[in-house]
Amino acid sequence: MKHQPPPPPLPLSQPPSLGGATGGVVASAISSLNGNNNNNSSATNGLEAGKCRPTLYPKPKTPSFDKDRDYIGFATLPEQVHRKSVKRGFEFTLMVVGESGLGKSTLINSLFLGDLYKNRQMPNVEERIEKTTKVEKKTMDIEERGVRLRLTVVDTPGFGDAVNCEDSWRVCTQYIDEQFRQYFTDESGLNRRNIQDNRVHCCLYFVPPWGHSLRQMDLDLIRRLHRKVNIVLVIGKADCLNKQEVRKLKERILQDLEDNHIQLYQFPECDSDEDEDFKQQDRELKASIPFAVVGSNTILEVAGKKVRGRQYPWGVVNVEDPEHSDFIKLRTFLISTHMQDLKDTTQDVHYENFRAQCISQISQHALRERGKLKRDSISSTNGFDAAISETDRLLLQKDEEIRRMQDMLTQMQEKLKQTHLMEMKKNDSVIDV
Ligand code: GDP
C-alpha cells in the first residue's frame with residue numbers, strides 16, 4: 001500500500017493556562033498525567049516518558065471532510081486519551097515518614113489545601129516510650145477543573161518515637177511490600193481492569209533541622225527503602241535555620257548519601273528541545289534537593305496580600321516565598337511536574353524489581369516442588385519394585401510347594417500302580433496252577 005503524504009501541521013489552539021501558584025496545582029499535575037497508564041505514551045498524550053514537564057498537545061481541528069481531504073483524524077488521539085483518563089480519574093499515594101512534630105501533617109495539608117488530620121490524637125510521653133510504629137492511611141478525593149485525583153497519604157505515626165526504633169523501618173518496608181504483593185495478586189487475577197493501585201509512589205522522608213546531617217536511624221531506613229520506593233528527602237521546619245545553615249545541612253546530607261552509596265529518586269534528564277525557562281526550572285528543582293520546607297495552614301495578611309505563613313515577633317515567614325523555603329519547589333515537583341514520572345518509576349523500576357523477585361521465587365518453588373515430586377515418584381517406584389519382588393518370592397515358594405506335592409502325588413500313584421500289578425500277577429499264578 002502506498003503511503004499518503006503526511007498531513008499538514010495542525011494549528012495549535014490556545015494552550016490552557018496551568019494556573020497560578022495555588023489554584024492550578026492539581027490541574028497542572030493532572031495535565032501531566034494525561035494517558036498516564038500508557039508507558040509508551042509519547043505519541044498519545046503529548047508527554048514523552050521521562051520528560052520533566054507536560055507538553056501541551058495541539059487541539060485538533062474538527063474533521064471537515066469537504067475541506068480537509070488529507071485529514072485522517074488520528075491527531076485527535078491525545079484528546080481521546082485525555083477524555084478517557086479524566087473520566088477514569090487519577091490515583092496517587094504518598095507516604096510520609098519522620099518522627100512526630102517535624103511538621104508532616106502541616107505540610108501535607110498545605111500542599112493539598114485540605115485537612116487530613118482533623119481527628120488526630122497526640123500520644124503523651126509515656127505512650128511514646130513503648131510506642132510502636134503504625135501505618136495510617138487517609139484518602140481524599142480532590143477535584144480541580146473537572147479533573148479528579150484520589151490522593152492517599154500513608155502516615156507512619158510513632159516512627160522513631162520509641163526508645164527502640166528498630167521496628168520503625170520494618171513497618172514501612174512491610175507496608176510497601178504488601179501493596180506490591182496485592183497489586184501482583186490482582187494483576188494475576190481475573191478482574192484486571194479494575195485494579196486499585198495502592199502502591200506507594202513517593203515517600204517524603206522528613207529529616208529534622210536540628211541535626212548536623214543524617215542520623216544512623218535515617219540511614220538505616222533509607223538504605224532499606226531506596227530500592228523499593230521513590231524517596232524524596234525533606235528538611236522539616238526549615239525556618240529554624242538560616243540560609244547558610246540550610247545550605248550546609250543540605251551539603252552534608254548529600255555527602256552522607258554518596259558515602260553510603262544510596263541513590264534516592266533520580267530526576268529524569270531534561271530534553272534538549274525544552275525551552276530555556278523550563279530547563280532553568282528543572283535545574284533549580286534539582287539543585288534544591290533535599291527540599292528545606294516550612295509548612296503552615298494559617299493565612300496571614302502581609303502588605304495587603306494574603307499569604308500562607310508563620311507569624312513571629314520579628315516578622316512573617318511566607319512559606320510560598322522561595323527566599324524563605326522550598327515549599328513551592330516541592331509542590332511544583334510533586335504535583336505539577338513529576339507526579340507522572342514518580343508513578344512511572346514506581347511501575348517500571350520498583351514494581352518490576354518486586355515482580356521479578358516474585359516470579360523467580362515462584363519458579364524456584366515450582367522447581368523445588370517438581371524435584372520433590374520426582375523424588376517421591378522414584379521412591380514410590382522403588383517401593384513398588386520391592387513389593388513386587390516380595391510377592392514374586394512368595395509365589396515362587398508356593399510354586400515350589402505345589403511342585404513338591406505334585407512329585408509326592410506322582411510317587412504315590414506310582415506305588416499304587418506297582419502294588420496293583422503285583423496283586424494281579426499273584427492272582428494269575430494261582431489260576432495257572
Ligand atoms: P507532625 O507530627 O510531624 O505531623 O507535625 P505537625 O504538623 O503536627 O506539627 C507539629 C507542630 O509544629 C505544630 O505546632 C505545627 O504548627 C508546627 N509546625 C509545623 N510546621 C512547621 C514549620 O515548618 N516550622 C515551625 N517552626 N513549626 C512548624
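Helices (H or I, at least four residues) and strands (E, at least two) are DSSP runs, numbered from the N terminus. The model is predicted, so local features need pLDDT of at least 70 and side-chain atom pairs count only at pLDDT 80 or more, while totals for chains, interfaces and linings use all residues. Residues are numbered from 1 along each chain as its sequence is written, and side-chain values use heavy atoms, with hydrogens and water left out.

Side chains of opposite charge can pair when their charged atoms come close. The structure holds 18 salt bridges, each a side-chain nitrogen of Lys or Arg within 4 Å of a carboxyl oxygen of Asp or Glu.

One of them joins Arg215 to Glu99, at 2.5 Å from N to O. Because Arg215 sits in the loop between strand 4 (202-207) and helix 6 (216-225), and Glu99 in the loop between strand 1 (90-97) and helix 3 (104-112), this pair ties together parts that are 116 residues apart in sequence. Arg215 is partly exposed, at 27% relative accessible area, whereas Glu99 is buried, at 16%; buried means under 20%, exposed over 50%, and partly exposed in between, with a 1.4 Å probe and protein chains only. Glu99 and Arg215 also belong, with Asp218, to a network of salt bridges.

Within helix 6, Arg223 and Asp220 lie 3 residues apart, about one turn of the helix, and they form a salt bridge whose closest N and O atoms are 3.7 Å apart. Arg223 is partly exposed at 37% relative accessibility, and Asp220 is likewise partly exposed, at 23%.

A further salt bridge, at 3.8 Å from N to O, links Glu187 and Arg355.
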